[in-house]
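The following note sets out, in numbered points, what may be read from the structure shown below. It begins with one residue and then widens to the elements around it.

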Amino acid sequence: MKRVDLIKEFAAEFELIANRLSETEVATVASVVELEPQHLAEIAKRVQKLTGAKNVKLKTVIDKSLLAGIIIRIIEEFGALFIKARICPSKGGDRFQL
């Protein structure tokens, strides 16, 4: 069992190093429902703009405790950034307002 835990730790550390080398920012997006691909693309674009990262990798989480909207958690080297967003109806369809 201890070996499995060690492998998980190595994998997590490897992912951190690989993301740092490829200038990839990882953000966790929590929502009450599964998000559409176009919404995830817009979120990735906004995260990229906020952080200045070359690449963005999104991890999605379904959180039934949320009433509406989304929460984006970005882990940076010296802290975490939380962004709350809501979906706003617009002429071109639903859009996120960050």
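This is a predicted model: local features need pLDDT of at least 70, side-chain atom pairs count only at pLDDT 80 or more; totals for chains, interfaces and linings use all residues.

1. Thr51 is partly exposed, since its relative accessibility is 23% and the buried class requires a value under 20%. Thr51 has its place in helix α2.

2. The side chain of Thr51 has two polar contacts to the backbone that deserve mention. One of its polar atoms lies 2.9 Å from the backbone oxygen of Val47. The side chain of Thr51 also reaches the backbone nitrogen of Ala53, at 3.3 Å. Elsewhere in the chain, Ile74 is 23 residues from Thr51 in sequence, while the C-alpha atoms of the two are 8.9 Å apart in space.

3. Helix α2 covers residues 37-51 and contains both Arg46 and Glu42, which are four residues apart, or about one turn of the helix. These two residues form a salt bridge, with 3.4 Å between the closest N and O atoms. Their accessibility may be compared with the cut-offs: Arg46, at 29%, counts as partly exposed, whereas Glu42, at 12%, counts as buried.

4. As to the overall arrangement, the protein has two helices and five strands. Read from the N terminus, the order of elements is α-β-α-β-β-β-β. The protein has 98 residues, of which 24% count as buried. Its accessible surface is about 7,500 Å², and carbon and sulfur atoms supply 58% of that area.

5. The contacts may also be viewed by sequence separation. Among contacts in the protein with a separation of 6 or more, 63% are between residues 24 or more positions apart.

6. Helix α1 comprises 20 residues, numbered 2-21, and spans 29 Å from its first C-alpha to its last, close to the 28 Å expected at 1.5 Å a residue. After α1 comes Glu23, which has a positive phi near 55 degrees.

7. Asn19 belongs to helix α1. Asn19 is buried, because its relative accessible area is 13% and the limit for that class is under 20%. When residues up to four places away in sequence are set aside, Asn19 touches Thr24 and Val26.

8. Thr24 is in strand β1, which covers residues 24-31. At 18% relative accessibility, Thr24 counts as buried. Its side chain makes a polar contact of 2.8 Å with the side chain of Ser22. Beyond neighbours within four places in sequence, Thr24 is in contact with Asn19, Asn55, Val56 and Lys57.

9. Strands β1 and β2 run parallel and are joined by eight bridges. Within this pairing, Thr28 stands opposite Lys59 in β2.

10. The count of salt bridges comes to four. One of them joins Lys57 to Glu15, with the closest N and O atoms 2.9 Å apart. Lys57 lies in strand β2 (residues 55-62) and Glu15 in helix α1, so this pair ties together parts 42 residues apart in sequence.

11. A salt bridge also links the side chains of Lys59 and Glu15, at 3.6 Å from N to O. Here too the partners come from strand β2 and helix α1, Lys59 being in the strand and Glu15 in the helix, so the pair ties together parts that are 44 residues apart in sequence.

Key:
Residues are numbered from 1 along each chain as its sequence is written. Side-chain values use heavy atoms; hydrogens and water are left out. The expected span of a helix is 1.5 Å times one less than its number of residues. Buried means under 20% relative accessible area, exposed over 50%, partly exposed in between (1.4 Å probe, protein chains only). Contact means heavy atoms within 4.5 Å. Accessible areas come from the Shrake-Rupley method with a 1.4 Å probe; for residues, only the protein chains shown count as cover. A polar contact is a pair of N or O atoms within 3.5 Å; within protein, one must be able to donate a hydrogen and the other to accept it, and residues adjacent in sequence count only if both atoms are side-chain atoms. Two strands pair if DSSP finds at least two bridges between them.
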